[in-house]
Amino acid sequence: MQALSRRRFLKISAATFGAGAVGSQVPVVPSFAMGAKPAPGKVETIPTYCEMCFWKCGGIAHVRDGKLWKFVGNPRDPMSRGRLCPRGTGAVGSHYDPDRLQKPLIRRGERGKEEWTAVTWDEAFNHIADRMKKIAAEHGPESIALWKHGTGARFFEHVMRAYGCINKAAPSFAQCRGPRDIGNLLTYGTGLGSPEPTDIANTKCLVLIGTHLGENMHNTQVQEFAQAVANKATIIVVDPRHSVAASKAKHWLPVKPGTDLALILAWMNVLVTEGLHDKAFVAKHGHGFDKFAEAIKANTPEWAEAETGIAAATIRATAREMASHRPAALVHPGRRTNWNGDDAQRSRATALLNALLGNWGRQGGLFLQAGMSVAGYGFPKFPAAAKPKVDNPDGRWPFADEEVSTGLREATITGKPYPIKGWVVYATNLLQTLPNEKETLEAISKLDLLVVVETHPSEIAGYADVVLPESMFLERHDDLYVGWGRQGWTALRQPVVAPPGEQKPAWWMAQQLAGRLGVGEFMPFKDMDEYLAKRCEKSGIDYAKLRQEGIVMGAKTPITVEEGAELAFDTPSGKVEFWSDQLAKAGFDPVPKYTAPEAAPAGFFRLITGRAPVHTFSRTQTNPLLADLMKENELWVNAATADAAGLKNGQYVKLRNQDGVVSNRIRVKATQRIRPDTLYMVYGFGHTSPMLKRAYLKGASAAQLNTRYKVDPLMGGTSIHQNFVTFEKEA
Amino acid sequence: MNEADIATGTARADFCRFLAACYYEPGPEFREEGLFESMAAAGARIDPGLEAGARRLGEAFAAEDPEDLLVDYTRLFLGPVDAQAKPYGSVWLGGETTLMQDSTMAVLALYEEGGFEIAEDFRELPDHVAAELEFLYLLLFRSIRPADAKEREALAALRSRFLGEHLGRWAGPFTEAVAQGAQCAFYRELAALTDRFVKREAAQPAGH
């Protein structure tokens, strides 16, 4: 035979010796990483963890002749397992993006008019420190608040807290995973955090309620979803839209938007009335099960059929199928769960459904998260807070365990309980993140200082008094990422290339600010290398090795009952709370109760939203590599609905919502893959910042249309699926 | 099987193996391992058209900037959005527009029936064009010197089913899409060569 390295090329081989005559002639292919051969030039590989989204996968940057060449997955990392998503791979585009912020800017014209003067870093910090001191002198340091998202916020939060700025909010709570975490906290005594402890790889039955794995590119879960499909797991997808995940499903349940809770209650009703639930788990770990069973007695499949549009027989069949696979049956708890404004209760119902399946701490269910203990650097103690925080006055949302973002916004507007005069906004585009843009602009109008720290000119940067250009994640150090999962791990963020302009890392900005605010002792290290080395040294982690490998794994501990783990629940009863006394005491339903969603006015449709695998929020549309993959979003319209409205596939249309807000134009995708009463778009598009040249007015913004929102009475989450829209044809 | 048959059988198997290799990410090892010379030599023992095609393929590879080849490869086969010629059987078979469909599982079952498995480090789906071509190569290779008449017949039957239900059915539209979407001559030549070879194999009488 002619030469050809089997290692490199042949990927099929004899299964076992003796499986056929060829067994001895074609050996089993040994392992060899594909595509690892560098192109010509001197190539350096440096591991670091990704910040293109919140999943924080470990990657390896390849730098060729000093220039960033590519970013690929780090095989040591439990999140990426050696494979990055398009956004991670596309990080290279964020480094080279010609539209990124280059220099510190101070506003000259009217706020929002985007007239700036480029200044030195010194001028920028002096300006910010002067304004902060002035606000602190007049109102107290509490009147300056921090908005944050992502790893880099860490030292801004630290320095501002040292200065006495106690107010802060992360929209990732009330505008995303908050309802899910509170629903689980109330049931199991713990939120689920990130990444969710879902054993998708080993499940025999996966139920996805609105979770569109594959379109939401939560890397590890998408990889495991592919494994589950390959393992022939039963997939049940509940979604008004035939998502990519639905295309892999045995059952697609095109539920009427806003009625998911009715379906979940009916599923639980079937499990309990037919005695299919995990009785041993309930007996051992359940609290208030009898009262719970009584409360859901009326929620029959026939009742739910009228609400959800899903046939009672299908509800029964899918409930039985789930039960037949328990405990290796898993209802994904979801992530961006703030749909209707009562989502903590729906998430609690999902948690209870999982409890009936007895999958807590079980293989193929929800495993127990394992972490890793890493020592802190050792900072001085923060000064005591002199005032309460403003975001949740008098515990208005009694079960919020993080700050409520619209609460902080409201306090900024009203000046109550005390004025908020300064905002520092770190890497969160509040004009697309928070509901009702008008209220955000009103709050901004009350400010004496708005500082935005960003890599690119987002909409919120357009309103800033001072813009601080941050280096993107491949150009900077950040704090360690200590991950929780099947096994704990620690990941390192380290610079792999220099930023192209004057951009600086957030930790350096925070340190500069600390010195000027007179709290320099809270940032006592020379640089992050020193900081990270000390944390590693205190924790027994070999820092030099971590710099080489990017990841260090913690100890392996049992994470399932099968492996010998013991279950314990940190709830008031110490058990899984089928009936919640604390909810009853606070005046809420102790077992989730369904309320029917409002009907759409004639000629209007409910607008729902989701994610695309190649973009993150509203922050990657300007990335040239990712823009190349997806420049604008599409409006999914049922083909019959489109026909009745005289809309053709591919034509542009505008949307007008119930409050008269009209969107930018968006291309129609006429399809059978969505309910006739529902419209769908990916959010994050329709940018109105002209500085985002590649993304400016491309597609429509779902956030702009989210003028009407409900607030979750338990925890302050704000809805995103409470708007009705109609078509406005282009002239 | 006589000497001449053995020589042709070996050449067909080799050619198929080299063709499969061309669908991996292009890199310097294509040249280092003399891929195109070997391919032309094997082609010469089967059909002058295959030999000429393999030579043109080698010339196109040598003429192209490696980076441009990678870009074309990515655009054609990886995407990740709207890859021009998705290299998976399920995309082309029976209106299945998504991956990992029944046809994927069916081809995997055929591999297993033949006693083969996919390497652990092959981070691709079972019905990737390279995997299917390698499977065809293994069947051709085993057919050169079968243990007995029974094995010969079993291999022929498996090959005929595989070509009739899988690769033979989708190679045509797939290579057409490659030819249309390719920006480099290399992938246009590869498309033509693949189409020619697979059609030729599918037209082989049973037992050959």
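**Helix packing, cores and a buried glycine**

The crossing of α5(B) and α10(B) is right-handed (the near helix is turned clockwise from the far one by less than a right angle). This is a predicted model, in which local features need pLDDT of at least 70 and side-chain atom pairs count only at pLDDT 80 or more, while totals for chains, interfaces and linings use all residues. Residues are numbered from 1 along each chain as its sequence is written, chains are lettered from A in the order in which they are written, and side-chain values use heavy atoms, without hydrogens and water.

Helix α5 of chain B spans residues 66-78 and helix α10 of chain B spans residues 167-181; helices are DSSP runs of H or I with at least four residues, and strands are E runs of at least two. On the α5(B) side, Asp72(B), Leu76(B) and Phe77(B) meet Phe174(B), Val178(B) and Gly181(B) of α10(B). Four of the contact residues are nonpolar, one is polar and one is charged.

The largest nonpolar core has 71 residues, joined through side-chain atoms within 4.5 Å. Phe15(B), Met39(B), Phe186(B) and Tyr187(B) touch the most other members. Helix α8 of chain B (residues 129-144) gives the most to this core, 12 residues.

In chain A, Gly73(A) lies in strand β4, residues 67-73. Gly73(A) counts as buried because its relative accessibility is 8%, and buried means under 20% with a 1.4 Å probe.

Conventions:
Axes are lines fitted to C-alpha atoms, for helices over the stretch in contact, and angles run from 0 to 180 degrees between N-to-C directions. Contact means heavy atoms within 4.5 Å. Ala, Val, Leu, Ile, Met, Phe, Trp, Tyr, Cys and Pro count as nonpolar, Asp, Glu, Lys and Arg as charged, and the others, Gly among them, as polar. Buried means under 20% relative accessible area, exposed over 50%, partly exposed in between (1.4 Å probe, protein chains only).
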